Structures are given as C-alpha cells and as structure tokens.
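Student: Could you take me through this model step by step, beginning with the overall fold and ending with the helix packing?

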Amino acid sequence: MASERQPNLIIVEDEEALAQGLRFNLERKGYLVEVATDGEQALVALEKGRFDLVILDVRLPEMDGFEVCTELRRRNDFTPVLMLTARSQPDDVVFGLRCGADDYVVKPFDLAELLARVEVLLRRTQWTEENGNRPSQEIVPPRLEFGDYWVDFSSWQAKTRQGVVELSQKEMEVMRIFAERPNEVISRRQLLARVWDLPNHPNTRVVDNVIVVLRKAFEESAWRPRHIHSVRGVGYRFVP
Ligand code: CA
C-alpha cells in the first residue's frame, strides 16, 4: 500500500451533537477529523488544507450544502463529497449529485452504512492515487435476478432478451453497482469513477453507451424501461 498516512476528513454539520458523534466514530476508525459548523468555515478549511473526504450536511445555516459543493467544484476542487440528505426531501439526492457530490446517505442514517460509504470513497481516492490499483470488490450476491433476467457475476454470463450471453467487463461492472444499490440514484460521475476510474472526466457518453447496450439486453422497450431508469441530469436508477 502506497498510502499509509491517516485519511483526513472534514465534517460540515451545524448540529453539534451529531457532528461530535460522527467525529468520535470516525476517529475510532483511525481517521483525522475536523469539524466545520457552517459552509463558509468549511470552504476556508478546504482552501487551506488537503482533505481526503468531505462529509457535508445539506441543511446548514447561511450557505447550504448544495452551495458549498457547487463552490468547491467551481474551484476545481474534486475532493470526494459524501452528502447527508434528509429523508423528507427526496429531491435532495438528485440535486446533491447534480451539484457534484460523489455519494450520499439519508438522515437519519445508519452508522455502519455511513462508515462503509466513507471507506469506499476513501479507497477510490487511494486507488486513483496509486494509479490503477483496484480495491477489493464490494460484497454482492454472485447472481442478480430481476424480471425474466439474471446476471451471474462469477461467470460474467447473463440471461438477456437475446438468450444467455457473456457481458463485457464494463457492462458487468455497471450491473454490479446496480446490484449493490437497487432503487437508488446512481450518478454518471459515480459510474465513471467506479467503472472507468475517471471521476472527473467530462465525457459521460461512455456511461450512456453501456446503458444503451444493457437496455437492449434487459428492456423490452428502451423508451419505457422497467429496470434501468434514467434520472434526468444525474444518471440512472436500477429497479430489480
Ligand atoms: Ca444540519
């Protein structure tokens, strides 16, 4: 492993108790953790220091989390952002991803889930730094079944409208991410980062091209997909 240094995180959250609770749990995992209580403070800290991850609450006084994320990306700062969104506001997810967030958890969140997402995002940075050294795969069931179809992640085979075929590596990896996060919005940026190692690549057409192929395989109608839905301006949602 090239980077043995401790990952450096910043939590941006105005609720003191929640921020301190999170800090405690993240420090226990061996991370260095700073807390900012508003967006302004977070942007100053991010300008001065180098962080591996921002945990960014959407609801903040003055500047909200969307504005913080937008400003960060405007500065060409691509520090991974994990957004904390409110369950009562489903549009937060889509809007957060549009602002350039890398991932999200919904409040009230499950601590284990949040820690797992933090780990995935940090590993991604690490493997980008280490240039192509891929992390171990997420735990996914070896076989995904949905509708009349299935995908077998160990043999790379899939039952499609064209019968049983072998999927390409990219098609396989996109399906694997869908299997990990059914019914959730997955942004093109997330797919680029995970499947193509290109988190900041401006060209998202490669993603859309793979989706075209997957829809041909698994959808009766590309215009009214049952499983692979488009989320306008963001990416896709897989419905098993
Ligand atoms: Ca808050």
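Tutor: The protein has eight helices and twelve strands, where helices (H or I, at least four residues) and strands (E, at least two) are DSSP runs numbered from the N terminus. This is a predicted model, in which local features need pLDDT of at least 70 and side-chain atom pairs count only at pLDDT 80 or more, while totals for chains, interfaces and linings use all residues. Residues are numbered from 1 along each chain as its sequence is written, and side-chain values use heavy atoms, with hydrogens and water left out.

Student: What percentage of the residues in the protein is buried?

Tutor: Buried means under 20% relative accessible area, against over 50% for exposed and in between for partly exposed, with a 1.4 Å probe and protein chains only. Of the 240 residues in the protein, the buried share is 51%.

Student: At what angle do α6 and α8 pack?

Tutor: Two packed helices are described by the angle between their axes and the distance between the axes. Axes are lines fitted to C-alpha atoms, for helices over the stretch in contact, and angles run from 0 to 180 degrees between N-to-C directions. For helix α6 (residues 169-180) and helix α8 (residues 205-218), the axes lie 10 Å apart and the angle is about 75°. Because 65 to 115 degrees counts as roughly perpendicular, α6 is placed relative to α8 as roughly perpendicular.

Student: Which residues of α8 meet α7?

Tutor: Helix α7 (residues 188-196) packs against α8 at about 85°, with axes 9 Å apart, and the two are therefore roughly perpendicular to each other. Taking contact as heavy atoms within 4.5 Å, the α7 side comprises R188, L191, L192 and W196. On the α8 side, the residues are V206, V207, D208 and V210.

Note on methods
Angles under 35 degrees count as roughly parallel, over 145 as roughly antiparallel, 65 to 115 as roughly perpendicular and the rest as oblique.
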